[in-house]
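Visitor: I'm new to reading protein structures. Could you walk me through this one?

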Amino acid sequence: MSDTPRQSGPDALSIDLGRLKADLAAVNRIGTIEGLPGINRVSFSDADMAGRRWLMQRLGEAGLAARMDAVGNVFGRWEAGDGPGDAAAVLAGSHLDSVPMGGPLDGSLGVLAALEGVRAMMEAGIAPARPVEVVCTADEEGRFGGMLGAQAIAGLVTPEWIEAAVDDAGVRLTDAMRAQGLDPGAAPRAAREPGSIAAFLEIHVEQGPVLERAGDAVGIVDVVSGCFNWSVTLSGAANHSGSTPMDMRRDAFRGLAAFGAGIDDIVARAGTREAKLTVGKAALRPNFPHTIAGEAEFSIIGRDVDEAAMRALAEACRAGIARAAGAHGLGVEIRELSWLAPVALDAGLADMLRQEAGRLGYAHRTLPSGGGHDAQTFAAITRSALIFVPSVGGISHAPEEWTEWADIERGATLLARALA
């Protein structure tokens, strides 16, 4: 007989990596489309909804009570053993929707690691003192300009916002929801009762190079960057490229280029060390080789961990656009599509995660998140925490996105221990 004491409770938790691998492979078969690279489960597409139905079946097989709410959020609830029936629940999860041609782990890992954490608790004989719910949020990737699922749960979605929301192709959110059998008018009913959520836990790929470069197994996020999203249109005059003198042109492309050339200076002057400005989408009109661009439409995404710095970035962008437009005789229209303030996550949960990582012997660090995540929205209504695992090469939102299985196992184990 061994004299080694038998582990119990959270210390006895062991995730089944093979089962988690199989779940990830299964859901990503749904998001694989012949002729397109990567994963394609754009929110409210047929593939997205098929992934949600698959998840509901998987939740049920694990013994959880599965349901889908009015905006497409999926929940799998494990009722408390001896606790009160109305106790606030601990939620863990992320999202299954993807960007077009996205990676295999962004969002999916968080949902399926949460499910695996619950299964590990069940197999370890841990009876929860309060309800536990695995959650898969809708439209986290912001096809319609926000984080619809988490915002709906938090009670931050209004009927007016639902009615006004459109994607880049002009598709209305209301039409996309109705096409999948959802009632846009019922969206406010997705809000959870105040006090019904005790905490929210999320695990996600880092989507950056910091953890891999440092050789750390996990990251504990302390703050999520804020983000502003603009659509800018510079209007000049389309004209013949051969007969219009350079000094008489109102060239919208040159205005765009002049603004773009000043981005580094704007970030250095106005932002913190975490500041980022991105022009990721641009269109010229008429968009013909022998015609001067009469119009340039482009996006600006600004991020920082300090809201005052974000406002300074925004003002510096306005000034830079005005200078570029003035230099080239252009008109300016700026549409402010969204503004999400930076969010500090719960310090107590972050400290608990650091302690658990230490007990497990995992090299870890505290770091900010440059990308938006459901955890920042849940922070408006409950304690919220976010775990990062390393991204190979820092790549995400691309087919090459990957995290080594050993790192996935460590991150999922930490999530399970924290959940327990």
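Visitor: Let's start with a pair of helices: is the crossing where H1 passes H2 left-handed or right-handed?

Guide: Before we start, keep in mind that this is a predicted model. The axes of H1 (residues 17–30) and H2 come within 8 Å. As for the hand of the crossing in which H1 passes H2, it is right-handed.

Visitor: And are H1 and H2 roughly parallel or roughly antiparallel to each other?

Guide: Look at the angle: the axes of H1 and H2 cross at roughly 150°. An angle over 145 degrees counts as roughly antiparallel. So the word for H1 and H2 is roughly antiparallel.

Visitor: Which residues in H2 meet H1?

Guide: Start on the H1 side, where Arg19, Asp23, Ala26, Val27 and Ile30 take part. The residues of the contact of H1 with H2 divide into six nonpolar, one polar and three charged. Across from those H1 residues, the ones in H2 are Ala47, Ala50, Gly51, Trp54 and Arg58.

Visitor: Now for H2 and H3: are they roughly parallel or roughly antiparallel?

Guide: H2 covers residues 46–61 and H3 covers residues 108–123, and their axes come within 11 Å. Those axes cross at roughly 10°. Since angles under 35 degrees count as roughly parallel, H2 and H3 are roughly parallel.

Visitor: How many charged residues are there in the contact of H2 with H3?

Guide: On the H2 side we have Trp54, Leu55, Arg58 and Leu59, and these meet Val111, Leu112, Leu115 and Arg119 in H3. Sorting the residues of this contact gives six nonpolar and no polar. The charged ones number two.

Visitor: Let's zoom in on leucine 55. Which residues does leucine 55 touch, not counting residues up to four places away in sequence?

Guide: Leucine 55 has its place in helix H2. At 1% relative accessibility, it counts as buried. Not counting residues up to four places away in sequence, leucine 55 touches Val74, Leu96, Val111, Leu112 and Cys136.

Visitor: What distance separates the C-alpha atoms of leucine 55 and methionine 147?

Guide: Along the chain, leucine 55 and methionine 147 are 92 residues apart.

Visitor: Which residues of H10 make the contact with H9?

Guide: H9 (residues 263–270) and H10 (residues 307–327) pack at an angle of about 145°, with their axes 9 Å apart. H9 passes H10 in a right-handed crossing. On the H9 side, the contact is made by Ile266, Val267, Arg269 and Ala270. On the H10 side, the residues are Ala309, Ala312, Leu313, Ala316, Cys317 and Arg323.

Visitor: On to the loops. Which residue does a cis peptide bond join to arginine 285?

Guide: The omega of this cis bond is about 10°. The residue in question lies in the loop between strand E9 (282–285) and strand E10 (295–304). It is proline 286.

Visitor: Is asparagine 287 buried or exposed?

Guide: Asparagine 287 is found in the loop between E9 and E10. It has a positive phi of about 65° although it is not a glycine. Its relative accessibility is 59%, and the cut-off for exposed is over 50%, so asparagine 287 counts as exposed.

Visitor: One last stop: what is the phi of histidine 397?

Guide: Histidine 397 is found in the loop between strand E14 (383–389) and helix H13 (405–419). It is partly exposed, with a relative accessible area of 40%. Although histidine 397 is not a glycine, its phi is positive, at about 55°.

Methods: Residues numbered from 1 in each chain as written. Predicted model: local features only at pLDDT ≥ 70, side-chain atom pairs only at ≥ 80, totals over all residues. Heavy atoms only, no water. Axes fitted to C-alpha atoms, helices over the stretch in contact; angles between N-to-C directions. Helix = DSSP H or I, 4+ residues; strand = E, 2+ residues; numbered from the N terminus. Parallel < 35°, antiparallel > 145°, perpendicular 65-115°, else oblique. Contact = heavy atoms within 4.5 Å. Nonpolar A, V, L, I, M, F, W, Y, C, P; charged D, E, K, R; others polar. Buried < 20%, exposed > 50% of the residue type's maximum accessible area, 1.4 Å probe, protein only. Left-handed = near helix turned anticlockwise from the far one by under 90°.
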